[in-house]
Structure formats: structure tokens, C-alpha cells
Amino acid sequence: MLNGISTLTYDIAQAWGGYAPHAICLLYDPAILAVEVVTNLGIALAYFLIPFALWRFLRGVDTLPFRSVLVMFVIFIFACGASHLTHILTLFIGGWAYWADAAVRTLTLIASLGTAIGLIRHGPRIAGITGRLLAAAR
Amino acid sequence: MRSDYALWVAAVAATAAFGTWASLALWGRFIRHEEAEARALVAAREAEALAGAEAERRAVEALAASERRHRALTEAGAIAAWRADAAGRVTAVEGWQALTGLDPAGAAGSAEAWLAAVAEPDRGAATAAWRRAVADGTPLDIEFRVAALSGGNRWCRARAVPVPASGEWIGVVEDIDGRRRAEEARMLLAREVNHRAKNMLAVVQAVVRLTRTPDPTQFAAAVSARIAALGRAHDLLSQRDWGDVELTELARGELAAWIEGGRLRLEGPAFRLTPAMVQPMAIALHELATNAAKYGALSPGSAGSVGLGWAVNDAALRLVWEEHGGPPVAPPERRGFGTRVIDASITDQLGGRVEREWLPEGLRCTITLPLKAHEKGEEAEAPSPNQS
């Protein structure tokens, strides 16, 4: 047990700055690097714009029921965008960039799973209540 | 090295699982809060909608109740209620049939359709009044006759006011026939009373002028008796509401003292004197009796009697005054008041004939009155003092 913990600590400490940039694996091929960079940057841009638009939408309609659903979408899409950025970092920077990428991906996983499970669990109820609300308003 | 991978996978998976659980728990709190809010909103909105529907139902019901009251009011008031548009076209009529017996469809439609129900003499004025009201927007208030299906005309009153803003007209027609007829009867009666009062004053004037006695006391007594005779005739007339008076009743009133004393008897069929005949006849009977009491069968100290009989045929009333058993009589040297006033009343006023016969047993006076001439003779004039 103690041996295991010491090995882990050593590995983390040693590995912190020890990884080579990911581009090396891709042999610094300009084509594949260009594709990686442009597509991931583009996806990240889109995934930052969508939460921005959703946030503006939420501020505009303050009587919207179940605002937290959209808030969850803001968080998970923003996390997705961030993970695409950190992926580009790992192409050219080794070491800590991989840990940053891992952390961001973990958060993205949590936000995405939470949103997915929450929607599956609460979705039908939310739909029913919203339907009655709209019917009564008519 | 294998166990290292498993450890890391477990660590990362555990982190992800805990993180997901935590995010779900956090989000769940928000969702529950938002759900409660939304449910409250739904309840409020649904209650609101229900209240709205209830209010609408009540409003519709209130409108229906108001409509029913309005109809009942129309029925209770025996009026026809109608509406017309700004151009004066009648758009709806209620109760028109009950009031006039005419088809309500005929009254609606054109501006002047309802005026067709107005009887001819009033139609022009009613049409002009309605046109003027529509043109000026001033309330209408007219009275006119409507040709009723039952025959004859009925007086109606139409009133209408324009409704501000819409320009529509709301009006009623009410049956005022009873009131109009009563008014007409009252006017007629007033004229009649006036006429009779003037007539009576003229007769009294004649009595005063024609009575000739040297002694003031006798003069007063004679005038007073004659006026009393007129008064009794007047009483009879007023008791009969200025209608016909039974001849027997008049004779009994004027000659009561002699009839009760058994000196005078009446014999004749039932006959109704028209109002115009009552006063002259009363005067004539009074004068005949007065004359008999002074000089004839009814005079003091004589045991005579009088028969008053009458008969009626198609054209005339024939009345005979017969004295028996009085002192011997002779035609008078001059015509006294009695003679002159009888002649004036019967001959001049009623167009009748007076014949006097001085027979040995007493005076016999026959009065003949043509009937046709006096059936419309209500407006007969008073005897003029100069006619004697």
C-alpha cells in the first residue's frame, strides 16, 4: 500500500514535465497538424458561442420556467469547448498541458453526464408542467 | 504495471462518478425549486382561467336575465318596444302585434314602413315628425291613431330617443286609447255643461222677465216656483248623467203634490225623453199645473181632477192634459206667462204643437212632439224672451 502510494507520487512528479508534445507522434506532419488545429479551434469557437448565446437568451427571458436546464447546457457546452482548446495545447506543449487537458476533460465528462442523466430523469415532468403552463396561458 | 492501470481507471472513474452525482444533486435542487414555482404558476393561471370563464358565464346569464326583465317590462307596460338605426329604419319591434294586431315584419325594414299602420288622418304629421326627429336627432313624442284589426282606430303614443354614440334609436309605442277617449268624453261633457248652464240662465232670465204680477210677494213666489221646477228637471238630468229621463219620473217630480192628493193621475207607456226635451217639458207641466191650480180643476174649493195621458207612435209623442170637474172655464183674455212659456218651449224650442180646448168640463191641452227632430236636438236653444 505504502509502496503503491510512493510509486504513484514518484510517477506524478516525474511525469509532470516528462511527456513530449503530441505533435511528435504525428511526426510534425503539417497536414494532419493543420487539420487538428483548425478543426479543434473551430469547434471550440462554436462551443463558446453557443453558451454565450444561451446566457444572453436566459437574461432576456427572465420568466422562463426551468432556467437551470439551459444553465446546465451552458456549463457542459462551455466545458466541451475548453477541452478542444486543451487538446491543441497538448499538440505543441508536453508535460503539464496533458494534465490540464485531463482535468478539463474530467469536468466535461461530469457536466455532460450530469446533463444527460438529469434530462432523462426530469425531462418528462418538465414537459408536462410546461405544457399545462402554456395551455393555461392561452 | 497492469494493477497500476486498473488503479488509475478506478480513480478517474470514481472522480467522474462522484462529480456527476454531485452535479445531479445540485441541479436536482434547482429543478425541484423551479418545479414548485411552475406548479404554483399553473395553479394560479388555471384558477384565473376558471374565474374568467365563470365571470363570462355570469355576464352572459346577467345579460339573459336583463333581456327577460326587459321583455316582461314591455309586456307589463302593454307597450311595443322598437329600435331603429341612425337612418330611421326600424330594425326590431317587440309587442307590436299584441298592441296593434299587425304583422311585426311589416313594421321593420324601411324608414316609413311602420307609419303605414298609422291611420290616414295622422299619417302625414307622424311621418313629418319622425323625419324631423331623425334629421335633428331630437327625441320623438307623437300621438296618432292606428287602424286596429278589430275595426276602428286606436290612439297610440310613440316616443323615441337617440342612443348617444351609436346613433341608434330606442322607442316605445303605447296604447293610450282609453285616456284619449276619456279626454274626449270629458271635453264633450264640459261643453255640454257650459251649454246647459247658459241655457238655464237664459231660461231663468225669461222667467223673471215674463212673470207679471203687480204684487212683489206674488212675483217672488211665482218666480221661485218656476225656478224650482227648472231645478227639479235639472236634478233629474244630472242624476241621469245628462242622459235620457223617463217621462213618468219627470211628471211625478213636477206634479208630486197633486198626484199624492189623488187629484191627478198619470197614464202612458214608458217613454224616455232626450235631455233636450226634459227642461221644456218640465216647464210645460209646471205651467199647466200652476194654471189649473189658479183657475181650473185643481183650484182651491173645487173638487176637480186632472188626467195626464200620453201615447207614442213612430213619429210623435202625444200628451194630453185633461181637466174635469173644475169651475167653468173660458179662454183667457190675454196670454199669460204660462201660455207664452209653453208655446215658446214646445213650439219654438222643440218644434211641437200645442192645442188648447176650453170644454165645458174643463181645459184640455194636447201637446204633440215630433220625435225625429229631437233625437239630434241636444243643442236646442233656450226660448228667447222676445218670441212671445
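**View 1. Overall make-up of chain B in the predicted model.** Of the 388 residues in chain B, 27% are buried, where buried stands for 20 or more other C-beta atoms within 10 Å of a residue's own, exposed for 12 or fewer and partly exposed for what lies in between, with C-beta atoms placed from the backbone. Chain B holds 11 helices and 12 strands, which are DSSP runs numbered from the N terminus (H or I, at least four residues, for helices; E, at least two, for strands). Among the contacts of chain B with a separation of 6 or more, 55% are between residues 24 or more positions apart; a contact requires C-beta atoms, placed from the backbone, within 7 Å. This is a predicted model, in which local features need pLDDT of at least 70 and side-chain atom pairs count only at pLDDT 80 or more, while totals for chains, interfaces and linings use all residues. Residues are numbered from 1 along each chain as its sequence is written, and chains are lettered from A, with ligands numbered from 1, in the order in which they are written.

View 2. The strands follow the order β2-β1-β5-β4-β3 with antiparallel pairing, two strands being paired if DSSP finds at least two bridges between them. β2 (90-94) and β3 (140-147) are the edge strands, each pairing on one side only, and neighbouring strands are turned against each other by 25 degrees on average, direction ignored. Within the sheet, β1 (residues 79-84) and β5 (residues 169-175) of chain B are joined by six antiparallel bridges, and B:Ala81 stands opposite B:Val172. Helix α4 (residues 120-136) of chain B packs on this sheet by touching β3 and β4 (153-162), and its direction makes about 150 degrees with that of β3(B); axes here are lines fitted to C-alpha atoms, for helices over the stretch in contact, with angles from 0 to 180 degrees between N-to-C directions.

**View 3. Strand β10(B) between its two partners.** Strand β10 (residues 316-324) of chain B has a covered face made of B:Leu317, B:Leu319, B:Trp321 and B:Glu323, whereas B:Ala316, B:Arg318, B:Val320, B:Glu322 and B:His324 belong to the uncovered one. β9 (residues 305-312) pairs with β10(B) in the antiparallel sense over eight bridges, with B:Gly309 opposite B:Val320, and a hairpin of three residues joins the two strands. β12 (residues 362-370) also pairs with β10(B) in the antiparallel sense, over seven bridges, and here B:Glu322 stands opposite B:Arg364.

**View 4. The largest nonpolar core.** This core has 39 residues, and B:Leu250, B:Val278, B:Met281, B:Ala282, B:Ala284 and B:Leu285 have the most contacts inside it; such a core is a set of buried Ala, Val, Leu, Ile, Met, Phe, Trp, Tyr and Cys residues joined through C-beta atoms within 7 Å. The largest share, 11 residues, comes from α9(B). Leaving aside residues up to four places away in sequence, B:Ala284 touches B:Ile342, B:Ser345, B:Ile346 and B:Ile367.

**View 5. Helix α6(B) and its surroundings.** The 24 residues of α6(B) reach 34 Å from first C-alpha to last, close to the 34 Å expected at 1.5 Å a residue, the expected span being 1.5 Å times one less than the number of residues. B:Arg226, B:Ala229, B:Ala233, B:Leu236 and B:Leu237 are buried in α6(B), and the buried residues of this helix pack against α5 (177-210), β6 (245-246), α7 and α9 of chain B. Just after α6(B), B:Asp241 takes a positive phi of about 55 degrees.

How values were computed:
Contact = placed C-beta atoms within 7 Å.
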